[in-house]
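Okay, I'll keep this short.

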Amino acid sequence: IFREFERSDRRHFHVPCPHCGKYQILVFGQIKWPKEEGSAEVIKTERLAWYECSHCKKSIKDYQKNKMLLAGCWVQEKAVIDKKGVIRGEIKSKHKGFSINSLYSPWLTWSDIAAEFLRSKYYIELLLNFVNSWLAEVWEEKLEETTVDRIKILARDYDEGTIPDDVLVLTSGVDVQKDHF
């Protein structure tokens, strides 16, 4: 799906802020909640989360979302939309692609989404699902690349046949081939 979307004209749904009127794509980083209320259940049941406009920084409440959605429109990634909803810079394309995440759902509150993140953030499988299914983003594995130079930095000189005091585990490895080790 992602590869096909990358080949398309990449459209995202833009909605106007109820305060300043500027259009924006709804992104998870703009959902805010009181950090001292770390419990997912408290945030969800007390509806403590809100959406912060990326332009004017004002708080957007759940009850304002439906009106925003009704005034929204699909915009190509490289096009721009002004405060009046006029789109400029669109390119004709036969391959249209659309991406939308759970923040646009009229059935989910900002607090529902924040709570799901808080429940998922410490468990890799749940976080992967949150990123893929809730945010409609591609999960990227963050692995460090090992290089010879990085390993050399970690190497230390030891006397042969001795085990340093701070060693907890000894391991060894052998590269096994058909006719030799």
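So, look at Arg88 and Asp82 to begin with: their side chains meet in a salt bridge, at 3.0 Å from N to O. By salt bridge I mean a side-chain nitrogen of Lys or Arg within 4 Å of a carboxyl oxygen of Asp or Glu. Salt bridges that share partners also join Glu6, Arg10 and Glu77 into one network.

Quick word on what you're looking at: this is a predicted model, where local features need pLDDT of at least 70 and side-chain atom pairs count only at pLDDT 80 or more, while totals for chains, interfaces and linings use all residues. Residues are numbered from 1 along each chain as its sequence is written, and side-chain values use heavy atoms, with hydrogens and water left out.

The cut-offs are under 20% relative accessible area for buried and over 50% for exposed, with partly exposed in between, using a 1.4 Å probe and protein chains only.

How many salt bridges are there in the structure? Eight. Another one is Arg11 with Asp9, where the closest N and O atoms are 2.8 Å apart. Here Arg11 is buried, and Asp9 is buried as well.

Then there's Glu41 with Arg119, the closest N and O atoms being 2.7 Å apart. This pair links distant parts of the chain: Glu41 sits in helix H2 (residues 40-45) and Arg119 in helix H4 (residues 110-120), 78 residues apart. Glu41 is partly exposed at 43% relative accessibility, and Arg119 is partly exposed at 30%.

In total the chain has six helices and nine strands.

Let's move to helix H5, residues 124-134. Which residues of H5 are buried? Leu127, Phe130, Val131 and Trp134. They cover an arc of only 115° around the axis, so they are on the same side of H5; that arc is the one of the directions from the helix axis to the C-beta atoms. The face turned away from the buried side carries the exposed residues Glu125 and Ser133. And what do the buried residues of H5 pack against? That would be H4, with contact meaning heavy atoms within 4.5 Å. Just after H5, have a look at Ala136, which takes a positive phi of about 55°.

Next, the sheet. It's an open sheet of three strands, in the order S3-S4-S5, with antiparallel pairing. Strand S3 (31-32) and strand S5 (59-60) stand at the edges with a single partner strand each, so one side of each has no neighbour in the sheet. Two strands pair if DSSP finds at least two bridges between them, and S4 (residues 50-52) pairs with S5 in the antiparallel sense over two bridges.

Two loop residues, then. Thr109 is in the loop between strand S9 (98-99) and H4. Thr109 is buried, with a relative accessible area of 8%, and leaving out residues up to four places away in sequence, it touches Arg47 and Asp62.

The other is Gly72, in the loop between helix H3 (65-70) and strand S6 (73-76). The C-alpha atoms of Gly72 and Val15 are separated by 4.2 Å, though the two residues are 57 apart along the chain. Setting aside neighbours within four places in sequence, Gly72 is in contact with Phe13, His14, Val15 and Pro16.

Last bit, the whole chain. A compact globule of 181 residues would have a radius of gyration near 16 Å, but this chain has 25 Å; that's taken over C-alpha atoms, and the globule rule is 2.2 Å times the number of residues to the power 0.38. The C-alpha trace spans about 75 × 45 × 25 Å along its principal axes. Of the 181 residues, 34% count as buried. And among contacts with a separation of 6 or more, 61% come from residues 24 or more positions apart.

That's my tour, over to you.

Terms used
Helix = DSSP H or I, 4+ residues; strand = E, 2+ residues; numbered from the N terminus.
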